[in-house]
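Student: Hi! Could you walk me through this one? I'd like to start with the overall fold and then get to the side chains.

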Amino acid sequence: MFLPLSLAATVTPSGDPTLKPGLDPASVTPGTLGFLATLFVVVLVIFLIRDMVKRIRRVRYTAEVEQARAQRADGAATAGGDDVPGLSRGGDGTADGGRPRPGGKHGPDNR
């Protein structure tokens, strides 16, 4: 057991690293093509992360809007519907003086 350790301790590497005979230093480096491939992967990962963050943010905001709507619906149901203080009805029967509800026709409710 101590023999391999003693052999490993006695062998010292040479100070000048050299390649095997017949190898060209340019053939063992990644070169321009390797750099461009790595750069492409890095840029692709950055775009994927940005897209993922945007989608997660959108899902979180949609959940917050749905939760707020559910709380408003629960509050309106417990208050009796028409007797909600601070809520005025417009001429067309919509809440808040005829202003459109959040979301519109392209909102999260129309999937």
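Tutor: Happy to! Keep in mind that this is a predicted model. The protein has two helices and zero strands.

Student: How much of the protein is buried?

Tutor: Buried residues account for 4% of the 111 residues. The protein exposes about 10000 Å², and carbon and sulfur atoms supply 64% of that area.

Student: OK, which residues form a nonpolar patch on the surface?

Tutor: The patch is formed by F40, V41, L44, V45, L48, I49, M52, V53 and I56. Together these residues have about 820 Å² of accessible area.

Student: Let me pick V53. Where is V53 found?

Tutor: V53 sits in helix 2, which covers residues 31-79.

Student: Switching to charges: how many salt bridges does the count come to?

Tutor: The count comes to one salt bridge. It joins the side chains of D51 and R55, at 2.9 Å from N to O.

Student: What lets side chains like that pair up at all?

Tutor: In general, side chains of opposite charge can pair when their charged atoms come close.

Student: How far apart are D51 and R55 along the helix?

Tutor: They are four residues apart, about one turn, and both lie in helix 2.

Student: What about accessibility for D51 and R55?

Tutor: D51 counts as partly exposed because its relative accessibility is 27%. R55 is at 48%, so R55 counts as partly exposed too.

Conventions
Residues numbered from 1 in each chain as written. Predicted model: local features only at pLDDT ≥ 70, side-chain atom pairs only at ≥ 80, totals over all residues. Heavy atoms only, no water. Patch = residues over 30% accessible without salt bridge, like charges linked within 9 Å, V, L, I, M, F, W, Y side chains within 5 Å. Areas by Shrake-Rupley, 256 points an atom, 1.4 Å probe, with all protein chains shown as cover. Salt bridge = Lys/Arg side-chain N within 4 Å of Asp/Glu carboxyl O. Buried < 20%, exposed > 50% of the residue type's maximum accessible area, 1.4 Å probe, protein only.
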